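Hello,

The structure we talked about is below, together with its sequence. Please load it before reading the notes that follow.

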Amino acid sequence: MDRLWLCFLLAALHGLHLSGVHSAGPRKNIIKENPIDKIPIQKNFNLDQLTGKWFLIGVASKCEYLRENNFRVEGTSVVLSRSSTQKIALDVSTLRKLDLQCWDIRQEYCSTKTNGRLLLKGRGSGNDVDIVVGETDYQSYAILYYQQRRKITVKLYGRSSDIPDNIIDKFQEAVLKQNIGEDFIYYFPKYGFCESADEFHILRE
């Protein structure tokens, strides 16, 4: 899997870190505030209404590889389905092209104690992805936040690949609140979407 796709897909590794501070006195542990904890969650969030097909409209991220290779982005769609597995909130299927071949990347978003907050478990310690549904009307758009080592990535999804300007404005405002400049916002093509992938091009994260 190429680094660009991983940069898009994983987007975030969560982190609530403890830092040792050395001084003349006893060693103290200071709990750093988790940036994603500051992000408001969609009020009265309804997970069932979030299910269905979405198109990835834009990504705001300081991922350096994405910045250097944003010309390679492809039309991307995501299908969210309720899982029948206990503790799994959503089954996620992401379809996009990689080297002209359609891939289906499948993930599981776990439930958490907080409604509107999800968890994508990573391989190995410290590789989990913390996800917050920040704002959605369920019918046209959704703004989701991801955290990677205390760095935030923001994604805009639409029920259609075309989205009104006022929603784009909402997304840009949300991005700026995370101290991510407009130069780090990347919009995805409105064409070339994959409808499916064959059995040899399914990746389970």
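Predicted model: local features only at pLDDT ≥ 70, side-chain atom pairs only at ≥ 80, totals over all residues.

**Overall**

The protein has 4 helices and 12 strands. Of its 205 residues, 46% are buried. Among contacts with a separation of 6 or more, 60% are between residues 24 or more positions apart.

**Backbone**

Lysine 87 counts as exposed because its relative accessibility is 66%, where the cut-off is over 50%.

Asparagine 44 is another non-glycine residue with a positive phi, of about 50 degrees. Its place is the loop between strand S2 (28-31) and helix H2 (47-50). With a relative accessibility of 67%, asparagine 44 is also classed as exposed.

**Strands around S6**

S6 (residues 101-111) pairs with S5 in the antiparallel sense, over 10 bridges. Arginine 96 is opposite tryptophan 103 of S6. The two strands form a hairpin with 2 residues between them, and aspartate 99 in that turn has a positive phi of about 55 degrees.

S6 also pairs with S7 in the antiparallel sense, here over 2 bridges. Serine 111 has leucine 118 in S7 as its bridge partner. This is again a hairpin, with 5 residues between S6 and S7; in the turn, glycine 116 has a positive phi of about 95 degrees.

In what sense does S6 pair with S12, parallel or antiparallel? The sense is parallel, with 3 bridges. Aspartate 104 stands opposite isoleucine 202 in S12.

**Arginine 117**

Arginine 117 is in strand S7 (residues 117-120). Is arginine 117 buried or exposed? Arginine 117 is buried, because its relative accessible area is 16% and the limit for buried is under 20%. Leaving out residues up to four places away in sequence, arginine 117 touches Asn34, Ile36, Asp37, Ile41, Thr112, Asp130, Ile131 and Val132.

**Aromatic pairs**

A pair of aromatic rings is described by the distance of the centres and the angle of the planes. The structure has 3 aromatic pairs, and I describe some of them here.

Phenylalanine 55 and phenylalanine 193 have ring centres 4.8 Å apart and planes at 70 degrees, so this pair is edge-to-face; the cut-off for that label is over 60 degrees. Phenylalanine 55 is buried, at 15% relative accessible area, whereas phenylalanine 193 is partly exposed, at 21%.

Phenylalanine 171 and tyrosine 187 have centres 6.2 Å apart, with planes at 70 degrees, so they are edge-to-face as well. Because phenylalanine 171 lies in helix H4 (residues 165-177) and tyrosine 187 in strand S11, the pair ties together parts that are 16 residues apart in sequence. The relative accessible area of phenylalanine 171 is 0%, so it is buried. Tyrosine 187 has 36% and is therefore partly exposed.

**Charges over rings**

Which ring does the charged end of lysine 62 sit over? The ring belongs to phenylalanine 184, and the charged end lies 5.8 Å from the ring centre. Lysine 155 makes the other arrangement I noted: it lies over the face of tyrosine 146, 4.9 Å from the ring centre.

Regards

Technical notes. Residues numbered from 1 in each chain as written. Heavy atoms only, no water. Phe/Tyr/Trp six-rings, centres within 6.5 Å; stacked < 30°, edge-to-face > 60°. Buried < 20%, exposed > 50% of the residue type's maximum accessible area, 1.4 Å probe, protein only. Lys NZ or Arg CZ within 6 Å of the ring centre and 35° of its normal. Contact = heavy atoms within 4.5 Å. Pairing = 2+ DSSP bridges.
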